[in-house]
Amino acid sequence: MTTALDTGTRVVKLGAHPVGLDIARVRSALEAPKIREMMTRLREELSGVKLILSVERLDYTKGILEKLNAYERLLADNPELLGKVTLVTVCVPAAKEMTIYDELQTQIEQAVGRINGRFARIGWTPLQFFFRSLPFEEVSAWYAMADVMWITRCATASTWWPRSSSRPRACSAAAACWCSPSSPAPPPNSRAPC
């Protein structure tokens, strides 16, 4: 197999780097004692509460603010869900030099405060927002714990599927996949994860 090309002015290295999920790595992460303890603690803390999980990076194309507004409306329109569902959002921030996202971050932080201020009760927080990246093992635990994965779809030049991570099949319990309906359908003869 060719691993490099000499163009005459430089050498270009070649390699196969599939994009996807390393199921063995996820299984290994979920078997680690520290992660098992974390999952046990989370199960106790979330007893009787359905967990909606959203993991993505800070970007306008992700529709994070729109997702938060939709969640607020879901709670307002369905008061029977209060205390029974919580949204955990992990939002990986953009590089500090990317000041274009500062206003979006401020709007998101205001929406999180507004939603929690409006609906929180003693012992229940409707929205837990982590504005930082989390270690792979911890994210794997959140995936395994989720009842619903909320995936924001967006069509780009490189993909038609949901851009956020979908739930690995290595996880124990089945979770629903809640995709945004506002995006185009996947190409014919393709298999979208939702």
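**Aromatic pairs and a surface patch**

Two aromatic pairs are counted by the ring-centre rule in this predicted model. In the pair formed by phenylalanine 129 and phenylalanine 131, the ring centres lie 6.3 Å apart and the planes meet at 15°, so this pair is stacked, given that planes under 30 degrees apart are classed in that way. Phenylalanine 131 is itself partly exposed, with a relative accessible area of 23%.

The rings of phenylalanine 130 and tryptophan 142 have centres 6.0 Å apart, and because their planes stand at 50°, this pair is tilted. Since phenylalanine 130 belongs to strand β5 (residues 127-130) while tryptophan 142 sits in helix α5 (residues 136-145), the pair ties together parts that are 12 residues apart in sequence. Phenylalanine 130, at 17% relative accessibility, counts as buried, and tryptophan 142 also counts as buried, at 4%, because the cut-off for that class is under 20%.

On the surface, a nonpolar patch is formed by Tyr60, Met98 and Ile100, which together have about 320 Å² of accessible area. Methionine 98 is located in the loop between β4 (85-92) and α4 (102-119), and its relative accessible area of 39% makes this residue partly exposed.

As for confidence, the mean pLDDT of the chain is 78, with 76% of its residues reaching 70 or more. Over residues 155-194, however, pLDDT stays under 50, and for this stretch the model has 86 contacts beyond four places in sequence.

Terms used. Residues numbered from 1 in each chain as written. Predicted model: local features only at pLDDT ≥ 70, side-chain atom pairs only at ≥ 80, totals over all residues. Heavy atoms only, no water. Patch = residues over 30% accessible without salt bridge, like charges linked within 9 Å, V, L, I, M, F, W, Y side chains within 5 Å. Areas by Shrake-Rupley, 256 points an atom, 1.4 Å probe, with all protein chains shown as cover. Salt bridge = Lys/Arg side-chain N within 4 Å of Asp/Glu carboxyl O. Helix = DSSP H or I, 4+ residues; strand = E, 2+ residues; numbered from the N terminus. Buried < 20%, exposed > 50% of the residue type's maximum accessible area, 1.4 Å probe, protein only. pLDDT = per-residue confidence, 0-100. Contact = heavy atoms within 4.5 Å. Phe/Tyr/Trp six-rings, centres within 6.5 Å; stacked < 30°, edge-to-face > 60°.
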